[in-house]
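User: I would like a close look at one part of this model. Please keep to that part and give the cut-offs as you go.

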Amino acid sequence: MNFPAPLLEQLRDARRMVALTGAGISAESGLATFRDAQTGLWTKFKPEELATAEAFQRDPKFVQDWYAWRRQNAADAKPNAGHLALVEVEKRAPEFLLVTQNVDGLHERAGSKRIVELHGNIHRFRCFENDCSTDNFDAENGRCRSCGGYLRPAVVWFGEMLPTAALETAIDAAERCDAFFSIGTSSIIYPAADLWRRAKNSGAIIIEINKDPTPLTPLADYSFLGKAGEILPALFEIVWSKKQFTK
Ligand code: OAD
């Protein structure tokens, strides 16, 4: 695989890097994306019936079952070469933040440490009724023992705000980085889809790695169309074979 020499130089010189990931990075682990034709979750299911507070209120069991199915798929999946390449970046880059829209927990299982989960995590729960402590959750039965309310997944649904601290950390890192990667995301769901712009405005180079073109593709400094699990390891191997980053 060939990468432009100026990109390799810029990555060698970068002190601060941010990677934003989306469902595409977990596709090679066997997890469905949201919008891929034929296989995407939102081509088979209606988000308004499954990923909103109103849907949960209407039919909590139906929504719980759908998330239980996705939770099991995520638990059965294994991190792939794309996840592992980002673990290596964290070890070698002077400063690195991984910002993910994914709720599957695969980055953490791969070994990444500095992770901001913009859309929550499917393996955690919240009480739908009150702000109850997680200590009294009966995850198996989907109920909160403290107040009797239903448990919902601790993910961000349509119409909900992103966790403030997570978003602030992501924005701050984007505005201070030298290199911003957008990986496996369709770049259409905000505010995540806007992070690259903040990085660009602050002078960072923007690198996109995605199977299909997105709205970001014509605007990125470098865009590689293909699988994250192939492109990321190849790119970082070349960067680091020439020079080791120093902390
Ligand atoms: P999408 O399904 O919208 O986009 C996934 C992108 O990954 C597509 O552009 C694919 O071309 C690309 N892709 C697929 N396989 C790939 C591979 N092996 N390597 C690289 N790219 C690949 O998923 P997201 O962008 O993550 O929000 O979606 C953003 C948000 O929309 C999700 O977090 C979710 C969803 O509704 C919430 O649930 C709040």
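How much area do domain 1 and domain 2 bury between them, and what share of it is on carbon and sulfur atoms?

Analyst: This is a predicted model, in which local features need pLDDT of at least 70, side-chain atom pairs count only at pLDDT 80 or more, and totals for chains, interfaces and linings use all residues. Residues are numbered from 1 along each chain as its sequence is written, and side-chain values use heavy atoms, with hydrogens and water left out.

Domain 1 and domain 2 bury about 950 Å² between them, and 53% of that is on carbon and sulfur atoms. Buried area here is the accessible area (1.4 Å probe) that two parts lose on being put together, summed over both. Three residues, A23, L31 and V103, supply 42% of the area that domain 1 buries against domain 2, more than any other three.

The domain assignment gives domain 1 as 1-31 + 79-119 + 162-247 and domain 2 as 33-76 + 122-155; such bounds come from an automatic or database assignment. Taken over C-alpha atoms, the two centres are 28 Å apart. In contact terms (heavy atoms within 4.5 Å), 16 residues of domain 1 meet 13 residues of domain 2.

The interface also has charged and polar pairs. Two salt bridges cross between the domains, a salt bridge being a side-chain nitrogen of Lys or Arg within 4 Å of a carboxyl oxygen of Asp or Glu. Five residue pairs, both at pLDDT 80 or more, are in polar contact between domain 1 and domain 2. A polar contact is a pair of N or O atoms within 3.5 Å; within protein, one must be able to donate a hydrogen and the other to accept it, and residues adjacent in sequence count only if both atoms are side-chain atoms. On the side of domain 1 that touches domain 2, seven residues are nonpolar, four polar and five charged. Ala, Val, Leu, Ile, Met, Phe, Trp, Tyr, Cys and Pro count as nonpolar, Asp, Glu, Lys and Arg as charged, and the others, Gly among them, as polar.

The ligand belongs in this picture too: both domains give residues to the shell around the ligand, so it lies between them.
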